[in-house]
Amino acid sequence: MIRIEAVWLAVEPLDMRAGTESALARVVHVFGAARPHHAYLFANRRANRIKVLVHDGFGIWLSARRLHGGKFVWPTDTVATLGLSRAQFDALVLGLPWQRLGEAGVWQDGFL
């Protein structure tokens, strides 16, 4: 299992044709560096695909996920980067509104 201590989300879209080197260059440009045991998330313009780049302390892992219906909940009117909790990350990759996930995994604003 890959250890992940922090998850970061980049608000600006990434071209999903980007490979490992291009995604790593984007991480360095947006976040300053790829830190060990950190994960970096990017979405395409339509927010129906995401890529996750993880530095495991020895190398780089790049994975992708696509929703066949709907969109990932992706911020558009905020700062360039956001930090996510593990519960928020888990909700985001399922396509759920992760911004409504509060303390102890409790949904806020009457989601359920």
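These legends describe close-up views of a predicted model. Local features need pLDDT of at least 70 and side-chain atom pairs count only at pLDDT 80 or more, while totals for chains, interfaces and linings use all residues. Residues are numbered from 1 along each chain as its sequence is written, and side-chain values use heavy atoms, with hydrogens and water left out.

**View 1. Five strands form an open, mixed sheet.**
The strand order is β4-β3-β2-β1-β5. Strands (E, at least two residues) and helices (H or I, at least four) are DSSP runs, numbered from the N terminus. Two strands pair if DSSP finds at least two bridges between them. β4 and β5 (81–84) are the edge strands, and each pairs on one side only. On average, neighbouring strands of this sheet are turned by 25° against each other, direction ignored.

**View 2. Strand β2 pairs with β1 and with β3.**
β1 and β2 run parallel and are joined by four bridges. β2 and β3 run antiparallel, with six bridges between them. V7 stands opposite A39 in β2, and A39 stands opposite V54 in β3. Strand β1 (residues 6–10) is mostly covered, with four of its five residues buried. Buried means under 20% relative accessible area, exposed over 50%, and partly exposed in between (1.4 Å probe, protein chains only). In a regular strand, side chains alternate between the two faces of the sheet.

**View 3. F31, Y40 and F42 are linked into a cluster by ring pairs.**
The whole structure holds two aromatic pairs. Rings of Phe, Tyr and Trp (its six-membered ring) pair if their centres lie within 6.5 Å; planes under 30 degrees apart count as stacked, over 60 as edge-to-face and the rest as tilted. F31 and Y40 have ring centres 4.9 Å apart and planes at 55°, so this pair is tilted. F31 and F42 have ring centres 6.4 Å apart and planes at 75°, so this pair is edge-to-face. F31 is buried at 13% relative accessible area. Y40 is buried at 1%. F42 is also buried, at 1%.

**View 4. The largest pocket has a volume of about 200 Å³.**
A pocket is an open set of points on a 1 Å grid over the protein atoms alone, where a 1.4 Å probe fits, with protein on both sides within 12 Å along at least five of seven lines; lining residues have an atom within 4 Å of a point. Grid points are joined across faces, edges and corners, and a volume is the space filled by probe spheres set on the points. The lining consists of M1, I2, I4, V52, V54, W61, L62, S63, R86 and F89. β3 (49–55), β4 (60–66) and α2 (86–93) each supply at least two lining residues. β4 gives the most, with three. By class, the lining has eight nonpolar, one polar and one charged residues. Ala, Val, Leu, Ile, Met, Phe, Trp, Tyr, Cys and Pro count as nonpolar, Asp, Glu, Lys and Arg as charged, and the others, Gly among them, as polar.

**View 5. The second largest pocket has a volume of about 160 Å³.**
V11, E12, P13, N44, R45, R46, A47, K71, F72, W74, P75 and T76 line this pocket. Six of these residues are nonpolar, two polar and four charged. R45 lies in the loop between β2 and β3. At 76% relative accessibility, R45 is exposed. R45 and E12 are 33 residues apart in sequence and 8.3 Å apart in space, C-alpha to C-alpha.

**View 6. H37 and A47 have positive phi values.**
Most residues other than glycine have a negative phi. H37, not a glycine, has a positive phi of about 65°. H37 is in the loop between α1 and β2 and is buried at 15% relative accessible area. A47, also not a glycine, has a positive phi of about 60°. A47 lies in the loop between β2 and β3 and is buried at 7%.

Technical notes. Axes fitted to C-alpha atoms, helices over the stretch in contact; angles between N-to-C directions.
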